[in-house]
Amino acid sequence: MTSPATTTPAVEFLGVNKWFGTAHVLRDVSLAVAQSEKIVICGPSGSGKSTLIRCVNGLEPYQGGTVRVDGHDLTPARIPAVRRSVGMVFQSFNLFSHLTVLENCTLAPIHGRGIDRRAAEARARDEFARLAIADLADRYPGQLSGGQQQRVAIARALCLDPAVMLFDEPTSALDPEMVQEVLDTMTDLAARGMTMLCVTHEMGFARRVADRVVFMDEGQIVEVAPPEAFFERPEHPRTRDFLARIL
Amino acid sequence: MTVIRETLLPPAPPPRRTGGPAGWLRKNLFSSPGNTLTTLVILAGLALLLPPVIRFLVTDAVWSGNSGEACRPEVAGHPVGACWAFIGAKINYLVYGSYPAAERWRPNLFFGLVALGTAWMLWLDAPRRGLGAVLVFVAGPVLAYWLLSGSSVLGLAPVATSLWGGMLVTVVVSLVGIVASLPLGIFLALGRRSDLPVLRYACIGFIEFWRGVPLITVLFMANVMLPLFLPGDLTVDRLVRPLVGIALFASAYMAEVVRGGLQAIPEGQGQAALALGLTKGQAMRLVILPQALKVVVPGIVNTLIGLFKDTTLVSIVGIADFIRVLEAARADPRWSAPTIPATAYAFAALFYLAVCFAMARYAAFIERRLAAGERGRS
Amino acid sequence: MRAGPPESGSGPRTGSTRALLLQALVALALAALAYAAFANASEKLARQGITAGFGFLSRAAGFDISQRLIPYAAATSTYLDAFCVGLLNTLLVSGLAIGLATLIGFAVGIARLSPNWLARTLAATYVETLRNLPLLLQLLVWYVAVRVALPEAQHPAAWGGAYLSQRGLFLPRPDFFGVAWLVPLAFAAGIIAALARARRAARHVETGAETGPVAWPALAWVLGPPALAWIGLALAGHPVGIAWPSPGPYGPEGGLGVLPEFAALLLGLSTYTAAFIAEIVRAGLASVARGQGEAAAALGLGRAKALRLVTIPQAMRVIVPPLTSQYLNITKNSSLAVLIGYPDLVHVFMGTVLNQTNQAVEVVAITMAVYLTLSLGLAAMMNAYNRRAAPVSR
């Protein structure tokens, strides 16, 4: 366990509130994520998990409270910079289907950061080697399996050298036999010291990798605990109820 | 004992298809009494209808002659079908209108360039399509204008637009329509999706206005009102007026086609681009638009077909397009014979059918290919 | 804790000063453009000595119109009357073409999915041919064909009291003088009653309540009231006359005349649009999951019944929106009437009236406003339908 008190938190939510129309989807959410900390967020569908992590890089506007990334408040002016330092992996991969794997991974470095093509490609190929997808570089997303696509999506985010990675149910759209390759990639990433916020239902992954597990229900954080405490001695009845249903 | 098989069976070839041609006939033509009746009725209808058509177009047709006399039954000595000799005699007029004979290599070169540019744009795997687009949409129109109407720089004698006619005008009008409406349509489609209310409503208003009125009224308007709206004594060429009308009209339809394409791109694509730190403009330009423009190729081709058919309406406001020169040609007293109108219309039908059908087949082919790509992705 | 959304918040928002500036710029540019056009136009019109405004509508028209649904005479009627005649002619030919095109379109569209190969192929040929030929060319052909097929005006074909020639079809027409206008009124009332009944029956079908047959009572409702009114009037001593056409020296005249231009336009519009409607119908039927048809077959319904009871009702949700835009296309395309001389709105108003008065801006504005109103009205109706027909699902 890390002690967040001494350094600036990587990501911090302070009393965040959000509404979709009249639906109050985030209610007074506060959470501090330390540098290099791995957080797994779980909860029933519609509990606001995805919405919460999408607030970190400004994909969702919120109406109350503050989100801080690396100590700075998230203002409209800071959003572009935050997006370049926070990587995100989506449930539905969202690879750009008109571009090859290599082009997918160099698009943002070249056009967003202004890195020259040669350097961006070299950087991407390094990442491919580490994630064991080097042979896919010139294929199009449509030619890849779901697991391969999601690993490419992770590589695409890593090519921007992010300080924080957000995972929005990265394995939910995968066939069962492909889940493990993606989880292995994420485990490797955790071992490299990445700060990670993962929305996932993979409880095995949570046990092995997470520093803390967050349980959300009805737009609020109900319980936060280290994995062994969370799984062995859940305190809130809703948490117990949820765990009983998914385990 | 739970194991049923120790070794797995190898796949076996399917049994030979039963039936053959007889089976096909039974299944497709005589599967039930009602079906059989339908078949017989249709066959009877075809037997009644097809022979006269073939007699008209081929067997009884007159293929050569110098005037309408050759196509009169009393001269020919047999019932006369289509008078193809008439088309042969008038073909230059039908293709070029009154374009000077000595300068006809210029429209010919123009047709060649158009074919080249079209092939470049429509062949999705062609090399350097970006460069092709710049040439077709920017350099092409300028070059074509110089080529057809003359230019002192290139040493080409001027040819007034009033002399242009026939298929040449039909092609020019269609091309101006597509070349102007595609960029304008993309701009309007983006504007319609903009977050800025003023821009959005301006684009919606523009699109819905042109889509709500018939093209004829647009052409009338361009004819009488365009000169009014321009300052001072500025006049507009008679050919340019309907071109402006058609370009505006077509851009509204093109905008809706492009909008359909933009809507077909999953929201996640734009979000992923934003999450990577690209700006909204970059996300649109680098990620969404390239995919959307590929999806809309069939829609664009279908709009082009509509445009090509709609160009016939310029004949109503006095432009010598293919239909108008055809009507003029068939009014030639030297070529007055009973079957001249039918011949003229048959020829026009074959011309439009050939062009439009080819384009429609191409659009369907692209659509199938895109659908196959979609399946391959998941 | 539950709370309503606050008016504003501290999170990132859209709507910056730059956005406002850009919008102001767009608005300003559009206004400047409109002003420049307006200034130029009014200056030129003033130079040509044309007074702007709609006063010309009340001036005498002085030209004749070959088909009119309301009283109109060249000498006494105004340009406004001419406008109304043209508009009604447009609506008449569009309305009839919509009905005819729907009939042909559904027949061809269903035939495209027929188990009979010949019917399938024939339907496909119909669609591919008519869709790929300009409507204008088809109208020219229909016009020539209709005229060639008909006998000359001086020697019309006659059946009963009707005459058919190149001048058109002339039918006996009930002459509604005196109080006889009650007959058409009863007719209209009957149609409304029949429609109301059909709606109620449709609702009953949705709720599963038992209903009797629909078609026969509807026919009785439509034909009954006018017949009763007719008989009643005759008994009361106000017989309804009939205006008979006569074979005049230059061709038939009197009675109810159907112009060859009208026939050509109606046929051309209907057959052309039917090709598009057929494609819409085919796509709509194909969009209904194959399982639906298979389930109907498994329940022992025949092909026709499965189509009528299961497939078509579901397909209508997909069919209706593009179908409405085809109806709109018919209305807009009816303006091609100008080509063959059918006196529709564009022909009468944008053609003759514009040429006679030179009030270009006003005439163009009025004509376009009519078509825009029709378009937007139909679009509004379609939106209402879409809201009602949205599939019921959780």
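**Notebook: sheets and the C/B interface**

I looked up A:Ile41 and found that its bridge partner in S9(A) is A:Val214. I am working from a predicted model, in which local features need pLDDT of at least 70, side-chain atom pairs count only at pLDDT 80 or more, and totals for chains, interfaces and linings use all residues. Residues are numbered from 1 along each chain as its sequence is written, chains are lettered from A and ligands numbered from 1 in the order in which they are written, and side-chain values use heavy atoms, with hydrogens and water left out.

**Chain A sheet**

I noted that strand S3 (residues 38-42) and strand S9 (residues 212-217) of chain A pair in the parallel sense over four bridges. Strands here are DSSP runs of E, at least two residues, and helices are runs of H or I, at least four residues, both numbered from the N terminus. I take two strands as paired if DSSP finds at least two bridges between them.

I then traced the whole sheet: six strands of chain A, open, mixed in pairing, in the order S6-S7-S8-S3-S9-S10. Strand S6 (86-89) and strand S10 (220-225) of chain A have a single partner strand each, so one side of each lacks a neighbour in the sheet. The average twist from one strand to the next is 20 degrees; axes are lines fitted to C-alpha atoms, for helices over the stretch in contact, and angles run from 0 to 180 degrees between N-to-C directions.

Next I checked the helices on this sheet. Helix H5 (residues 146-158) of chain A touches S6 and strand S7 (164-168) of chain A, and its direction makes about 170 degrees with that of S6(A). Contact means heavy atoms within 4.5 Å. Helix H6 (residues 176-191) of chain A lies across S3, S7 and strand S8 (195-199) of chain A, at about 150 degrees to S8(A).

**Chain C sheet**

I found an open sheet of four strands in chain C, antiparallel, in the order S1-S2-S3-S8. Its edge strands are S1 (157-159) and S8 (256-258) of chain C, each pairing on one side only. The twist averages 15 degrees from one strand to the next. Strand S2 (residues 162-165) and strand S3 (residues 168-171) of chain C are joined by three bridges in the antiparallel sense, and I see C:Leu164 opposite C:Leu169 in S3(C).

**Interface of chains C and B**

I counted 50 residues of chain C in contact with 54 residues of chain B. The buried area is about 4,300 Å², with 75% from carbon and sulfur atoms; this is the accessible area (1.4 Å probe) lost by two parts on being put together, summed over both.

I looked for salt bridges (a side-chain nitrogen of Lys or Arg within 4 Å of a carboxyl oxygen of Asp or Glu). The rule finds one across this interface: B:Arg361 with C:Glu128, closest N and O atoms 3.6 Å apart. Among the helices of chain C that each supply at least two residues to the side touching chain B are H3 (117-131) and H12 (360-389). H1(C) gives the most, 14 residues.

**Salt bridges overall**

One pair I looked up is A:Glu60 with A:Lys18, at 3.7 Å between the closest N and O atoms.
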